Amino acid sequence: MKERKDVHNLPENDRSLELYAIGVAEMKTRPATDPTSGYYQAAMHGFFQDDNFWADVGVLPSDSHMESYWNQCIHGSWFFAPWHRMYIACFESILANILVDLGKIATEDDWALPFWNYSDTDNSAALFMPSAFLEPEDKSNPLWIKERNSPPLIEDNVSLEKLNIIPFVNEDMIRRGFGGAIEEPSQFDTGYGGLEERPHDWVHDDIGGAMANPVTSGLDPIFWLHHCNIDRLWQEWLDLGEGRKNPDDKSFNNQRFVFYTYTGVQEEMIVEKVLDTTDVLTGYTYQESNSPIPSRTTRRLTPRSRPLELVAASNTKQDLGKTARNIQLTIPASIISRRQDTLAVLNSIPDTDTEAYLYFENITGKGVTPIYKVYVNTPDSGAGTEECCVGRLSLFGLDIASTPSIHHSGCGLSRSLDISELFDCLRTQPGWNPAQLSVRLEPTREVPADTEVNIGRISLHC
Amino acid sequence: MNRSTSLNLFCQSIDWQQLPRYLLRTPVGRLWTTSGLIWLWLLTDSLLLQDAHQHHLETMTAIQSISTQVKHWVMMLIAMMFPLLALQVNHIVFAMPGFRRFRSILIYLFGYSLLWLLFLAAVLGLQAIAASLSIDTSIYPLLGVGCFILVTILIWSKNHPVIMASCSATMSLGIMGWRADIDCVKYGLKTAKNCIRSCWLPMLALILTNHAIGLMFLVTLALWYERYFLSHISKQMSIIWMLLACLSVVMI
């Protein structure tokens, strides 16, 4: 049984990264038609021929083959975690077998993919990508790839806050579970879960370059260490107990996905057989690693049986442009007074807490986007202050979710943000006017010139 | 891909004890109930009033004939296509404040039906041209069979899964005033455009085979199965459409 180790806490003289680089270098020499090649493995996650990162891909498999086996990654559904577990395990097995063939190790179990625990607050280096991925900064280094952001990660973006979520499955379109919504396997559906949002999406965006786009992310060698950590966090979440458990549902457990083994043979993997890491292929465990989970106030105010109600929304599709943007959520005062039954929550009622969410729908666009900071009711000066900040939005997968394809309709991404605490504060303030709610979106990095982002609508649900 | 996922999810999502409540109290349930009632009406109409209809058809004027066709077409739409709109209706329920939901759904369905009526107008226009060219109308049922065969072939086209994926498209809707109403009409038109892209051939086949109720019912089941139980890349429907082509040959 192999053990996956923390890349920042590898024992002295450990060769995990050195062997990883040798394996990646060998995989890069193989043609994209070979399932054991780096190109093929990356394309199973996502492929877009016109993207610059795929410029040297060479000869491609047949169209029908690509339709069946490429662009298969699962996001925005409860299959996100199991699909990626299978994917990483098969990649690890292929790479280990390449190392066996090259005479670098004796058996497949002698090498395991390390994980990058960027959330380890005890380690000041944790937020930094291991130097082996950065130097030398050219093609002679198989672990290097162009256009990564530097420095890579922001501490808040790797918070493990989402491990506080108890249910695996999303409760509805807005209230997220840990694992995602009950959806059919789809490359980019709208039912993403807490784990997928943070740290998964945010780390992809923070690293940037190939990692910021699902159709190229598998080409960056750091991708596999990042996903190894995401896979570890799934197990960490289960180990926390207190009601955390995987879905006990046939539709989940019986779902099958097809991958390739080292010998080029197809391997059909079933979700129920990968729920325990020791059952996945030859099995693996994770080295103990510090994973601090920030405490979070538990708010459960709206009964589960009562759906959240929409109480305000923006009017038209908004182009986010290259800088910060304020968007009004309108609902006329006359309507508020006339519809007290459904809109009473917008009144100033200091004694009553309310569950409140912002929902961003039909987010479409193209290019690589930064993470956006979201503020509610910023002061008249316009700039967002930390008191008004309700969270961040990652738009990982924007390009792919905005393009009609065999996998999705092209309607874009949807995201939700819990703003309950700020909403309660705002309602108690003297100048509270529910008819004048505004949301400000501020990019955390410079928006590239060829990037476009549009938001179909922002709505407030209580 | 496991094709039983949708079926399992669907069956598990039904609380059979709550079914009557679901059918009467929820927007999607009401839509399905309405479709069910239209099916009953169509069945009764075809079983009991067939002779009377035949006599009526022979004596009616051109305008009466068009109005009858439009009426039948609207019935067909409600019976066959409205049950496929569960996702879109649920989207409106989610995206609209409670006090505007019912109105928004009705406006959406109006927009949806409008484009399908234009489709019917185009077909009637072509039939009128055919009549003016003295083309024998007895070939229409054969053309209907041809439509089923063509859809069987088109399932294998590269574009078919993309068209099927577009069926689940949603749209952002305004929540107040005329903008909300216009958005609902636009959403209806957008859905209808996607539906026509994916379903125009079977629907045309039904027009050309004179709305045979048995065939209508089987086509409805096929469309339901395709929409709710199959993945976009499935080619299974080509077998079903071919079977329906064979069946329609027997029926004519």
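Where is the place of A:L281 in chain A? In this predicted model, A:L281 lies in the loop between β3 and β4 (284-286) of chain A. Phi of A:L281 is near 45 degrees, a positive value in a residue that is not glycine. With a relative accessible area of 34%, A:L281 is partly exposed, because the partly exposed class lies between the buried limit of under 20% and the exposed limit of over 50%.

A positive phi also occurs at A:N13, where the angle is about 65 degrees although the residue is not a glycine. A:N13 belongs to the loop between β1 (2-4) and α1 (16-29) of chain A. The relative accessible area of A:N13 is 70%, so this residue is exposed.

Two cis peptide bonds of chain A may be described next. One joins A:E135 and A:P136, with omega at about -5 degrees; A:P136 is placed in the loop between α4 (80-101) and α5 (194-207) of chain A. Another cis bond runs from A:R198 to A:P199, with omega near 15 degrees. A:P199 is located in helix α5 of chain A.

Strand pairing in chain A includes a hairpin. Strand β2 (residues 256-260) of chain A is joined to strand β3 (residues 266-270) of chain A by five bridges, and the two run antiparallel. Within this pair, A:R256 stands opposite A:I270 in β3(A). The hairpin of β2(A) and β3(A) has five residues between the strands, and A:G264 adopts a positive phi near 85 degrees there.

An open sheet of four strands in chain A has the order β7-β12-β9-β10, and its pairing is antiparallel. Its edge strands, β7 (325-329) and β10 (389-393) of chain A, each pair on one side only. From one strand to the next, the twist averages 25 degrees. Strand β9 (residues 372-376) of chain A runs antiparallel to β10(A), to which four bridges join it. Opposite A:Y375 stands A:C389 in β10(A).

Strand β8 (residues 357-366) of chain A is mostly covered, with nine of its 10 residues buried. β8(A) pairs with strand β11 (residues 413-418) of chain A in the antiparallel sense over five bridges. Nine bridges connect β8(A) to strand β13 (residues 452-461) of chain A, and this pair is likewise antiparallel. A:L358 takes part in both pairings: its bridge partner in β11(A) is A:L417, and in β13(A) it stands opposite A:L460.

Among the helical residues of chain A, A:N229 is found in helix α6 (residues 222-239). A:N229 has a relative accessible area of 0% and is therefore buried. Apart from neighbours within four places in sequence, A:N229 is in contact with A:F115, A:W116, A:N117 and A:Y118.

Chain B contains 12 helices and zero strands. Of the 252 residues in chain B, 49% are buried. Among contacts in chain B with a separation of 6 or more, 80% are accounted for by residues 24 or more positions apart.

One helix pair in chain B consists of α3 (residues 27-48) and α6 (residues 86-95), whose axes come within 9 Å and cross at roughly 140 degrees. This angle makes α3(B) oblique to α6(B), because only angles over 145 degrees count as roughly antiparallel. The crossing of α3(B) past α6(B) is right-handed. On the side of α3(B), the contact is made by B:P27, B:V28, B:L31 and B:W32, and on the side of α6(B) by B:A86, B:V89, B:N90 and B:V93. The residues of the contact of α3(B) with α6(B) comprise seven nonpolar, one polar and no charged. Helix α6(B) is mostly covered, since seven of its 10 residues are buried. The buried residues of α6(B) are B:A86, B:Q88, B:V89, B:H91, B:I92, B:F94 and B:A95.

Elsewhere in chain B, B:V123 is placed in helix α7 (residues 101-132). Its relative accessibility is 8%, so B:V123 counts as buried. When residues up to four places away in sequence are not counted, B:V123 touches B:L204 and B:I207. B:V123 and B:K158 are 35 residues apart in sequence, and their C-alpha atoms are 27 Å apart in space.

How values were computed
Residues numbered from 1 in each chain as written. Chains lettered and ligands numbered in written order. Predicted model: local features only at pLDDT ≥ 70, side-chain atom pairs only at ≥ 80, totals over all residues. Heavy atoms only, no water. Pairing = 2+ DSSP bridges. Axes fitted to C-alpha atoms, helices over the stretch in contact; angles between N-to-C directions. Parallel < 35°, antiparallel > 145°, perpendicular 65-115°, else oblique. Left-handed = near helix turned anticlockwise from the far one by under 90°. Contact = heavy atoms within 4.5 Å. Nonpolar A, V, L, I, M, F, W, Y, C, P; charged D, E, K, R; others polar. Buried < 20%, exposed > 50% of the residue type's maximum accessible area, 1.4 Å probe, protein only.
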